Amino acid sequence: MPRRAAPPGAAGPGLAGLRAAAAVLCAVLCAGTGRAQPRAFAFPFQDPALPWHRRLDDLLSRLSPAELVLQVARGGAKGNGPAPPVPRLGIGPYNWNTECLRGDGEAPGWATAFPQALGLAAAFSPELVYRVANATATEVRAKHNDFVATGRYGDHTGLSCFSPVINIMRHPLWGRNQETYGEDPFLSGELARSFVQGLQGQHPRYIKASAGCKHFSVHGGPENIPVSRLSFDAKVLERDWRTTFLPQFQACVRAGSYSFMCSYNRINGVPACANKKLLTDILRGEWGFEGYVVSDEGALELIMLGHRYTRTFLETAVASMNAGCNLELSYGIRNNVFMHIPQALAMGNITLQTLQDRVRPLFYTRMRLGEFDPPAMNPYSALDLSAVQSPEHRNLSLEAAVKSFVLLKNVRETLPLRARDLPGKRLAVVGPFADNPRVLFGDYAPVPEPRYIYTPRRGLEMLPANVSFAAGCREPRCQQYSRAEVVSAAGAADVVVVCLGTGIDVETEAKDRKDLSLPGHQLELLQDAVQAAAGRPVILLLFNAGPLDVSWAQAHEGVGAILACFFPAQATGLAIARVLLGEEGANPAGRLPATWPAGMHQVPPMENYTMEGRTYRYYGQEAPLYPFGYGLSYTTFQYRDLVLSPPALPVCANLSVSVVLANTGQRDGEEVVQLYLRWEQSSVPVPRWQLVAFRRVALPAGRETKLSFQVTAEQRAVWAQDWRLEPGAFTLFAGGQQPDQQTRAPSEVLSARFTVTGAARPLRGC
């Protein structure tokens, strides 16, 4: 089980040791001219030698109902925050509104910008996500320390992050696909666990920053097409809810996340932020979550104004607080929903105990962040602005971008380019993404210093080649197109690099796409470049999140290579140059975290929340353009000796798996080994197969390695009014991709069967 934070009612691990350490520290800090004396604390909640629950009991007992209300009603943003100080208790302000998706997003000042979340997911590397999250927390904490020192408590100055986003990328046109970890609940859960633990850190007492998993739950579009997200009712089958939309959130609880954000939508008629089944019965009752739930921005107001679920803000306050919401993130309204709690208290519709229970995890989080301990006890208090945009973080941003790229096509060994052939060569870089820094980041982006931003053009200009440039279109929508400049640049080049995609002009929060097409005249731009190149190499770079219809480029022999880059952020150009040359550590090994449909005929209605026909787990019979888990390499791999142990196992037992992977090519490279499970005899509907393990493995040319995995009994469970384990036959697939794909890497996919014996039983009975 991953390490979990000590809950608000517990003393925490190693209490005796912490008491002793606190006593020693206090003696040192409080030493006078004579003998060291214990430090005198004005209130017990300030005493670090006391257990957390005693400190919380003391603090809460000292807050008046009016003060308690302000703590839950001031969650940010735009004047709705910060949570106000309580001067008589020495409690300062605190801003809860912080974005940490892949760097210190939207905060004042510079910050390192790591690749957008969907690109990080394509790396299929929990270890990489952990390091990115930890670096993000370092910068968030360093800047927070500076903000507090200068008395700044505005938006995005706190330590409590509205990240990660772990909604399922269930629809290719959803505007917020870029913020997610893709379409698979297991992959999303594994990456969420790494993000939470990386962000919060491994200190036994303090967290570096607190994580907040969102948007809870059944939230994956629409944003605005065909209806608004602000009033949408997601009608979902219980089985789909349990098997697709909830597992990654349970992984967040197990990882120790301090908060969840409830989403805008209704779930089967009940707004998520007033949904007792979701926030109390499942989150706290079934999963044991003891942190806080914050509303999405304005979600409580929208319970009345958008969903018409309540008639007044008073009713809304009662419904949401009693359902389990702790903190209101308002649109900026001062007399917001939770400001009506005093009236509810007077009427008996909310009890004082409930209000105190909602405030408790807010102050527990602040305690674990170190706010009420002497700063010298907390090593994170020493972080300063020298940690922001450090060389280590900039190098990590480059590494992450390189690892995120997915090679979709590579014919006639178009890539890698040979460095020795570049001097004197003419290289044209064209398209609206070729030299426009703004379009390379995606949404919720940190803002780095301009000198650290490398566009494709800037990165390629560092190569020993003659680089020319033509945008063709000045912005991603490409509504005005200059054919002449593209044809001129491409026609005079030995190699043409075409940079196309979407960007936040086309897909983002509150903006869905209408179709899969390349925007505006972009396809025409590509076709003109191919024609002008007249058989010379054309490399297509794609900057997008939601899948694009690039079937023309995939089929046309004039496009030699296609590289999916997502939104790589500040190191874009450097990463592209490294990958195009196949430098050491830059052999592409990203894999698609979501299916790319072959056309709009494979795209179901956005507002229909059944999983039928959606994602690789339930896809139709017709092949997609590119499947989940797909990606090519500059080298080749081979699998052999798949062994399952034991081949027959009891219903509650785990399965051990081993397989041998060999790099049979001429280049060092990385492979993403993927294991899929297929149920052969389930009593209820299940996915056609399910990812149950993966590992990104670096392997030198000509070398092989034996890899071991474990598939747990829990991963075989099916939903039948409860999680149940059933006997029967199962198939386990092992390879660098899904089995039986039309578009595929050259390596084989191995399979082996195993059986489960015994009687069916509830998972909780094991």
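This report walks through the helices, sheets, cores and a few single residues of the structure above.

The model is predicted, so to speak of local features a pLDDT of at least 70 is needed, side-chain atom pairs count only at pLDDT 80 or more, and totals for chains, interfaces and linings use all residues. Residues are numbered from 1 along each chain as its sequence is written, and side-chain values use heavy atoms, with hydrogens and water left out.

## Helices

Let us begin with a helix pair. Helices and strands here are DSSP runs numbered from the N terminus (H or I, at least four residues, for helices; E, at least two, for strands). Two packed helices are described by the angle between their axes and the distance between the axes. For α5 (residues 126-149) and α6 (residues 185-200), that angle is about 30 degrees and the axes are 7 Å apart. Axes are lines fitted to C-alpha atoms, for helices over the stretch in contact, and angles run from 0 to 180 degrees between N-to-C directions. The crossing of α5 and α6 is right-handed, a term for a near helix turned clockwise from the far one by less than a right angle.

Which residues of α5 and α6 make the contact? From α5 come P126, V129, Y130, A133, N134, T136 and A137, and from α6 come E190, L191, S194, F195, Q197, G198 and L199. Contact means heavy atoms within 4.5 Å. By class, eight residues in the contact of α5 with α6 are nonpolar, five are polar and one is charged. In this scheme Ala, Val, Leu, Ile, Met, Phe, Trp, Tyr, Cys and Pro count as nonpolar, Asp, Glu, Lys and Arg as charged, and the others, Gly among them, as polar.

Helix α3 (residues 65-73) has E67, L68, V69, Q71, V72 and A73 as its buried residues. Buried means under 20% relative accessible area, exposed over 50%, and partly exposed in between (1.4 Å probe, protein chains only). These buried residues of α3 pack against α2 (52-62), α11 (313-323), α12 (341-347) and α13 (352-368).

## Cores

A nonpolar core is a set of buried Ala, Val, Leu, Ile, Met, Phe, Trp, Tyr and Cys residues joined through side-chain atoms within 4.5 Å. The largest has 120 residues, of which L199, F216, W241, F260, F338, I341 and L691 touch the most other members. Beyond its neighbours within four places in sequence, W241 contacts S217, V218, V236, L246, P247, I267, K277, L278 and I282. Another core lies apart, with 85 residues, including A561, A577, L592 and W596.

T243 sits in helix α7 (residues 238-245). Is T243 buried or exposed? T243 is buried, with a relative accessible area of 15%. Its contacts, again leaving aside neighbours within four places, are P185, R617, Y618, W719 and W723.

## Sheets

Strands of a sheet pair through backbone hydrogen bonds, either parallel or antiparallel. Two strands count as paired if DSSP finds at least two bridges between them. An open sheet of six strands runs β7-β12-β11-β10-β8-β9, with mixed pairing. Its edges are β7 (406-410) and β9 (466-470); each has a single partner strand, so one side of each is left without a neighbour in the sheet. The twist from one strand to the next averages 15 degrees. Helix α19 (residues 572-581) lies across β10 (495-501), β11 and β12, at about 140 degrees to β11.

A second open sheet, of three strands, has the order β13-β15-β18 with antiparallel pairing. Its edge strands, β13 (637-645) and β18 (704-711), each pair on one side only, and here the twist averages 20 degrees from one strand to the next.

Elsewhere, eight of the eight residues of β21 (residues 728-735) are buried.

| Strands | Bridges | Facing residues |
|---|---|---|
| β7 and β12 (residues 561-564) | four | L407 and L563 |
| β15 (residues 655-663) and β18 | eight | L655 and V711 |
| β16 (residues 669-679) and β21 | six | Q674 and G735 |
| β21 and β22 (residues 750-757) | seven | F730 and F754 |

## P547

P547 is in the loop between β11 (538-543) and α18 (551-555). P547 is buried, with a relative accessible area of 1%. Not counting residues up to four places away in sequence, P547 touches M169, P172, R513, L516, T595, W596 and P597.
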